[in-house]
Amino acid sequence: MANRSGEAEHETASRRNQQDKSKAGILDLLLKRPLRWLRMLIEELHWSFFFGVIIVYGVSQGLGKGLSKVSTQYYFKDEQKIQPSQAQIYVGLIQIPWIIKPLWGLLTDVVPVFGYRRRPYFIFAGFLAMISMMVLWLHTNLHLALALSCLVAGSAGVAIADVTIDACVTQCSISHPTLAADMQSLCGLSSSIGSLVGFSLSGVLVHLFGSKGVYGLLGLTAGLVVVVGMVLKESPSRSLGRKHANEKFLDAGSAIWKTFQYGEVWRPCLFMLLSAAVSLHIHEGMFYWYTDSKDGPSFSKEAVGSIMSFGAIGSLVGILLYQNFLKNFPFRNVVFWALSLSVLSGFLDLILVLRINLKLGLPDYFFIVVDELVSHMISRIKWLPLLVLSSKLCPAGMEGTFFALLMSIEHVGHLASSWGGGVLLHALKVTRTQFDNLWLAIVIRSLLRVIPIGLVFLIPNVDSNSTILPAEMLTNRRSEGVDTEKIEMTALIGDEA
């Protein structure tokens, strides 16, 4: 009996130890490991670089995107009372500042303001967005043209801040190549968490303050970008004369042209353009259907915001999956499988619009939440390897300009897809109250997603640890007027801070 009792106690203690180890493992995975990862990035790079990433990606873009997307949709629908096809076109117009990102990038690389290349652009971007949002908030019965101008100006402020921090991230990707994927994951995590918070609050805030009131809150988030420009450490550089500046612009153009002559560069750029262009956006048509009381589910503002928050959760899950399991796989393989899953996920909207989910006993809200989560997770997994690849295609000394150019190519594709979606909705006579042909728009959009799968051969079959450009293009050879070692942000290099 004593032996049996001892064995039982031993088994109980063994199970308890296993449970303790399991709990410790979960704690390490969810808390300790992420904290060690963040501490490593801060030590390897610099705290002010980390702060800038959190504010620009997390607050300005992430939180701002969550608040602005829902408020703008309701602003167009309820304040301006326009058709979904028009709203889809206007959403594309708002993205135009992102298309000319190379201009902002070229300015940050070549034209210092009062001796600084980064800080003044953060400050200008913050004030531009802040003023634009305040006009939308305070002005009553604003004409559509003026409202669009303010929305475009606000988008320009976010874009300028984005390209400035992109230059910092790209420069660090070159100086710390083994951390390239980690930095993109940090940017994506900041954006996704900010979006999650923004979307979660957006519906409630639109309900409490109206779409215009939310624009006032966005003015406050823009003010934090001004703070980034004020606290960021940067070594001053000698201002260039007009002639010297013109020479630098010509040198920049020459460097860009030379880089694009490499097949490893222009082929993935062509893929990003075409894959984005053929993936038509019909988001505004779906939004009008979501909130329609006759044909659609008639969701409230709070419900719409919470649905989009699950999209942010999906993006976050995609980032975690890529960071922990996929970042060392070849870019081409990850994008191929993500595109294949994207085609299948596109038909979830068809099941919803045809009300098949109700016949299966699945409530609208539950089905839409699953749809949002899955589609955003796949989209993020597809986009992250392209971001990492883009950061490795930038020649030294032109990081901001070239990375912005690569991203603008993607935005040109998104503009084409947004306008194409608007034309499709108009052609199929999808209006504020008529949704009979919305299912056909979903079918056409989903079938077009097959095209990029046949173009994945344009992506280099390398992983995030590979060097793509020749060594001479990764060595900064700027002349004395714009020597990176002299004007490099000390915030980015911990040893020089």
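Where is the place of L224? L224 sits in helix α8, residues 180–231; helices are DSSP runs of H or I with at least four residues, numbered from the N terminus.

## Model and conventions

This is a predicted model, in which local features need pLDDT of at least 70 and side-chain atom pairs count only at pLDDT 80 or more, while totals for chains, interfaces and linings use all residues. Residues are numbered from 1 along each chain as its sequence is written, and side-chain values use heavy atoms, with hydrogens and water left out.

## L142

L142 lies in the loop between α6 (119–138) and α7. L142 counts as buried because its relative accessibility is 7%; buried means under 20% relative accessible area, exposed over 50%, and partly exposed in between, with a 1.4 Å probe and protein chains only.

Leaving aside residues up to four places away in sequence, L142 touches Y75, Q80, L136 and A147, where contact means heavy atoms within 4.5 Å. Between L142 and Q80 there are 62 residues in sequence and 8.8 Å in space, C-alpha to C-alpha.

## Nonpolar cores

The largest nonpolar core has 117 residues, and F76, L136, F260, F271, F402, L406 and L438 have the most contacts inside it. Such a core is a set of buried Ala, Val, Leu, Ile, Met, Phe, Trp, Tyr and Cys residues joined through side-chain atoms within 4.5 Å. Helix α7 (residues 144–175) gives the most to this core, with 14 residues.

F271 touches V335, L339, L386, P452, L455, V456, L458 and I459, not counting residues up to four places away in sequence.

Methods. Helices (H or I, at least four residues) and strands (E, at least two) are DSSP runs, numbered from the N terminus.
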